[in-house]
Amino acid sequence: MQEFKDYYILRETEINKHFSVASESADEYSIHELRVEIKKIRAFLELIKGITPYFDLRKAYQPIKKLFKAAAPIRDAQVLQTMTRAYISEVGLDVNLSEYFNLLKQKEMTGKQEFFKFCKKFNLSVLRKNWSAVESALASIAKYGDSLKSDQDKISQYSKDYLKTLFDLLDGFRNKSVLEEKDFHDIRILCKKSRYTLETLSSLFYPESFELMNKNLKQIHQPLGEWHDTDAAITLLNQVLADKTLKPLFSESSYNDMLQSFQVRKQHFNDLFLERFKTLNLKEIF
């Protein structure tokens, strides 16, 4: 399927580009974009596994997963720093959060040191090798299914069936009477996977249908992303406030005020997600 090849080559090109910058500077933009591209590659590889049993997903993704995880501590520290700067900008400079900032900078620098060491050993050629494995797996589709259908028709139908399975899983969450925080994490991951899979299969749908569903899925996972980041910030702030060795060094009221603000922020994105999730129509595209 030429569309698959074009999509994969684009992802490979983007990963190479962002890896080149991230492995030297690990700036916020390159780290973020590198991780997004890896998520898209993973969704693509999971799609291939979903439409043919002749593909070793674990073997293909494991090396790339290590790169993704190596960048995670940097990304986490950078996100929390950005959130804290935004908070200070909103409430004014008369707050004492220097120890918290120092902690985040330390986490970022430690993460960068480990990431740079990892990058020196990481071989991007695994991406090209994986495409060869994908081609072989897709070629195997001729061995099963309706013999009257072309391989191209089989790939298209199996791909649509796989995407519908993802949508059905999302629908399962929508039909729950009460969603727990664990569900939020699962929905966030599933929603991104669904969106990136839809992106891969965009040529199989009418442009209007694709754009509408892509927009709807994005509107779901964006507030969940903000909710997740705020939840991580609250967790770390609680850890800092519980650390008795730091108490003489900072103004506890500044931390409590920011914690309260983040709790309000988390609830806001909680409510925004639920509002949008309830009205999501996953049947529109089929």
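Me: Hi! How many residues are in the largest nonpolar core, and which have the most contacts inside it?
Reply: Hi! In this predicted model, the largest nonpolar core has 65 residues. Those with the most contacts inside it are Phe4, Phe44, Leu45, Ile48, Ile51 and Phe115.

Me: Which helix gives the most to this core?
Reply: That would be α2, with nine residues.

Me: And what other core lies apart from it?
Reply: Another core, of 19 residues, lies apart from the largest one. Its members include Met83, Ala233, Leu237 and Tyr255.

Me: Back to Phe44 for a moment. Where does Phe44 lie, and is it buried or exposed?
Reply: Phe44 lies in helix α2. Phe44 counts as buried because its relative accessibility is 1%, and the cut-off for buried is under 20%.

Me: Nice. What does Phe44 touch, leaving out residues up to four places away in sequence?
Reply: With those residues not counted, Phe44 touches Phe4, Tyr7, Tyr8, Trp131, Val134 and Thr200.

Me: What about Leu45, which residues is it in contact with beyond four places in sequence?
Reply: Leu45 is in contact with Tyr8, Phe55, Leu57, Ala60, Tyr61, Ile64, Asn130 and Val134.

Me: How many Å separate the C-alpha atoms of Phe44 and Ile234?
Reply: They are separated by 33 Å, and the two residues are 190 residues apart along the chain.

Me: Changing topic: why does Ser159 count as buried?
Reply: Ser159 is buried because its relative accessible area is 0%, where buried means under 20%. Its place is in helix α6, residues 151–174.

Me: And which residues is Ser159 in contact with, setting aside neighbours within four places in sequence?
Reply: Ser159 is in contact with Phe4, Leu47, Ile51, Leu201 and Leu204.

Me: How does the lining divide into nonpolar, polar and charged?
Reply: There are 18 nonpolar, seven polar and 20 charged residues in the lining of the largest pocket.

Me: Which helices each supply at least two residues of that lining?
Reply: They are α2 (28–51), α3 (57–91), α4 (98–121), α7 (181–200), α8 (207–242) and α9 (252–278). The largest share comes from α3, with 16 residues.

Terms used. Residues are numbered from 1 along each chain as its sequence is written. This is a predicted model: local features need pLDDT of at least 70, side-chain atom pairs count only at pLDDT 80 or more; totals for chains, interfaces and linings use all residues. Side-chain values use heavy atoms; hydrogens and water are left out. Helices (H or I, at least four residues) and strands (E, at least two) are DSSP runs, numbered from the N terminus. Ala, Val, Leu, Ile, Met, Phe, Trp, Tyr, Cys and Pro count as nonpolar, Asp, Glu, Lys and Arg as charged, and the others, Gly among them, as polar. Buried means under 20% relative accessible area, exposed over 50%, partly exposed in between (1.4 Å probe, protein chains only). Contact means heavy atoms within 4.5 Å. A nonpolar core is a set of buried Ala, Val, Leu, Ile, Met, Phe, Trp, Tyr and Cys residues joined through side-chain atoms within 4.5 Å.
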